[in-house]
Amino acid sequence: MNDKPHRPELQAWHDMLSDDGYRLESPDAWHASLLKGTEELLDSGVVDWDEYMALKALANGGHARALEDALDSRLADPEA
């Protein structure tokens, strides 16, 4: 990643990535928000193409884990 000292937009994206409440409550909306954010970061020049692809990979990996977590939670407590 680019190591520019002050990139609040990128920090906000990472904050959303680590927002477990949002991720667990609505994995698909969380993922869509992350992907939209990556597009906005690229379009605004905050990140370059390689950074964009790395962020997108983080979002996709996080989504896969969120879906696994949701399934595990449902299997552990089918009444929830």
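Among contacts in the chain between residues at least 6 apart in sequence, 65% join residues at least 24 apart, where contact means heavy atoms within 4.5 Å. This is a predicted model, in which local features need pLDDT of at least 70, side-chain atom pairs count only at pLDDT 80 or more, and totals for chains, interfaces and linings use all residues. Residues are numbered from 1 along each chain as its sequence is written, and side-chain values use heavy atoms, with hydrogens and water left out.

**Overall layout**

- The chain has four helices and zero strands; helices (H or I, at least four residues) and strands (E, at least two) are DSSP runs, numbered from the N terminus.
- Along the sequence, the pattern reads α-α-α-α.
- Taken along the principal axes, the box filled by the C-alpha atoms is roughly 45 × 20 × 15 Å.
- Of the 80 residues in the chain, 26% are buried; buried means under 20% relative accessible area, exposed over 50%, and partly exposed in between (1.4 Å probe, protein chains only).

**Helix 1 with helix 3**

- Two packed helices are described by the angle between their axes and the distance between the axes.
- Helix 1 and helix 3 pack at about 165°, with axes 10 Å apart; axes are lines fitted to C-alpha atoms, for helices over the stretch in contact, and angles run from 0 to 180 degrees between N-to-C directions.
- That angle makes helix 1 roughly antiparallel to helix 3; angles under 35 degrees count as roughly parallel, over 145 as roughly antiparallel, 65 to 115 as roughly perpendicular and the rest as oblique.
- From helix 1, E9, L10, W13, M16 and L17 meet W30, S33, L34, G37, T38 and L41 of helix 3.
- The residues of this contact between helix 1 and helix 3 divide into seven nonpolar, three polar and one charged; Ala, Val, Leu, Ile, Met, Phe, Trp, Tyr, Cys and Pro count as nonpolar, Asp, Glu, Lys and Arg as charged, and the others, Gly among them, as polar.

**Helix 1 with helix 4**

- The axes of helix 1 (residues 8-17) and helix 4 (residues 49-76) come within 11 Å and cross at roughly 15°.
- Helix 1 and helix 4 are therefore roughly parallel to each other.
- L10, W13, H14 and L17 of helix 1 make the contact with L55, L58 and A59 of helix 4.

**The largest nonpolar core**

- The largest nonpolar core has 12 residues in all: L10, W13, L17, W30, L34, L41, V46, V47, Y52, L55, A59 and A66. A nonpolar core is a set of buried Ala, Val, Leu, Ile, Met, Phe, Trp, Tyr and Cys residues joined through side-chain atoms within 4.5 Å.
- At least two residues of this core come from each of helix 1, helix 3 (27-43) and helix 4, and helix 4 gives the most, with four residues.
- Beyond its neighbours within four places in sequence, L41 is in contact with E9, L10, W13, V46, V47 and L55.

- T38 lies in helix 3 and is buried, with a relative accessible area of 1%.
- Not counting residues up to four places away in sequence, T38 touches W13, Y52, L55 and K56.
- L35 also has its place in helix 3, but L35 is partly exposed, with a relative accessible area of 24%.
- Leaving aside neighbours within four places in sequence, L35 is in contact with K56, A59 and N60.
- L35 and V46 are 11 residues apart along the chain, and their C-alpha atoms are separated by 15 Å.
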